[in-house]
Amino acid sequence: MANYTQQNASGTLYNALTSGSKIIGTIVADSDIRIDGFLEGELQCSGKVVIGEKGFVKGTITCQNAEILGKIEGKLAVKDTLALRSTSHIKGEIKTNILIIEPNAVFNGTCSMKQDEKK
């Protein structure tokens, strides 16, 4: 089965799209999700998104936090922290509050960062 829910080391649940799996459409996740397969479309996540080294997303990702090890072509809207690891390849538009880029990460596109406004 390509999609499943597991517990991570801290005991919280997360969803996963395994390597070799492909989804075209929209994924909505209330908990963390890890993508090691291919997604073409939209991913909306209330928690953390992890794109594994073999993961590829072509489309739009909206989430609280993200850690990217694989490839993304499209738009990333991360409310808190986005970490681009050394194996990541990003082509597109990033909107985030905090951006972490490791050496050898590849990012071609635009980035806008905004601090939370105090009311």
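These are my notebook entries on a predicted model.

**Conventions.** I number residues from 1 along each chain as its sequence is written. Because the model is predicted, I note that local features need pLDDT of at least 70, that side-chain atom pairs count only at pLDDT 80 or more, that totals for chains, interfaces and linings use all residues, and that side-chain values use heavy atoms, with hydrogens and water left out.

**Entry: overall make-up.** I looked up the secondary structure and found zero helices and 11 strands. Helices (H or I, at least four residues) and strands (E, at least two) are DSSP runs, numbered from the N terminus. Along the sequence the pattern reads β-β-β-β-β-β-β-β-β-β-β. Of the 119 residues in the protein, 34% are buried; buried means under 20% relative accessible area, exposed over 50%, and partly exposed in between (1.4 Å probe, protein chains only). The accessible surface comes to about 6900 Å², and 49% of that belongs to carbon and sulfur atoms. Such areas come from the Shrake-Rupley method with a 1.4 Å probe; for residues, only the protein chains shown count as cover.

**Entry: contacts along the sequence.** I took contact to mean heavy atoms within 4.5 Å. Among contacts between residues at least 6 apart in sequence, 1% join residues at least 24 apart.

**Entry: nonpolar core.** I defined a nonpolar core as a set of buried Ala, Val, Leu, Ile, Met, Phe, Trp, Tyr and Cys residues joined through side-chain atoms within 4.5 Å. The largest one has 24 residues, and V49 and I61 have the most contacts inside it. I then listed the contacts of I61, leaving aside its neighbours within four places in sequence: L43, V49, I51, I72, K75, L76 and A77. As background, nonpolar side chains in soluble globular proteins tend to be buried together.

**Entry: aromatic pair.** I found one aromatic pair in the structure. The ring centres of F38 and F56 are 5.3 Å apart and the planes lie at 15°, so the pair is stacked. The rule is that rings of Phe, Tyr and Trp (its six-membered ring) pair if their centres lie within 6.5 Å; planes under 30 degrees apart count as stacked, over 60 as edge-to-face and the rest as tilted. F38 belongs to strand β5 (residues 38-45) and F56 to strand β7 (residues 56-63), so the pair ties together parts that are 18 residues apart in sequence. F38 counts as partly exposed, at 21% relative accessibility, and F56 counts as partly exposed at 21%.

**Entry: cysteines.** A disulfide is a pair of cysteine sulfur atoms within 2.5 Å, and I recorded zero disulfides. C45 is buried at 7% relative accessibility, and C63 is buried at 2%.
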